[in-house]
Amino acid sequence: MINGAHVILYSQDAEADRAFIRDVLAFPGVDAGGGWLIFKLSPAETAVHPTESPPSTSSV
């Protein structure tokens, strides 16, 4: 049985996306250090990591 998840979102503007999740969606979170925010989505959590490349269009 799965009772939780950790979701990682990759973004070309991670700082802006973290601010959106924090300020607009008002998800509670903690600073894991250095501005790395982890948001509580009970029973899951999510984080936004930076990336410099556009998303892949290949299928899984």
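Biologist: Leaving aside its neighbours within four places in sequence, with which residues is A14 in contact?

Modeller: Beyond those neighbours, A14 is in contact (heavy atoms within 4.5 Å) with V48, H49 and P50. The model is predicted: local features need pLDDT of at least 70, side-chain atom pairs count only at pLDDT 80 or more, and totals for chains, interfaces and linings use all residues. Residues are numbered from 1 along each chain as its sequence is written, and side-chain values use heavy atoms, without hydrogens and water.

Biologist: In what order do the elements of the protein run from the N terminus?

Modeller: The protein has one helix and four strands, taken as DSSP runs (helices H or I, at least four residues; strands E, at least two). Starting at the N terminus, the order is β-α-β-β-β.

Biologist: Which backbone nitrogen does the side chain of D31 reach?

Modeller: D31 lies in strand β2 (residues 29-31). Apart from neighbours within four places in sequence, D31 is in contact with W36 and L37. At 2.6 Å, its side chain reaches the backbone nitrogen of G33.

Biologist: What percentage of the residues of the protein count as buried?

Modeller: The C-alpha trace spans about 35 × 30 × 20 Å along its principal axes. Of the 60 residues, the buried share is 15%.

Technical notes:
A polar contact is a pair of N or O atoms within 3.5 Å; within protein, one must be able to donate a hydrogen and the other to accept it, and residues adjacent in sequence count only if both atoms are side-chain atoms. Buried means under 20% relative accessible area, exposed over 50%, partly exposed in between (1.4 Å probe, protein chains only).
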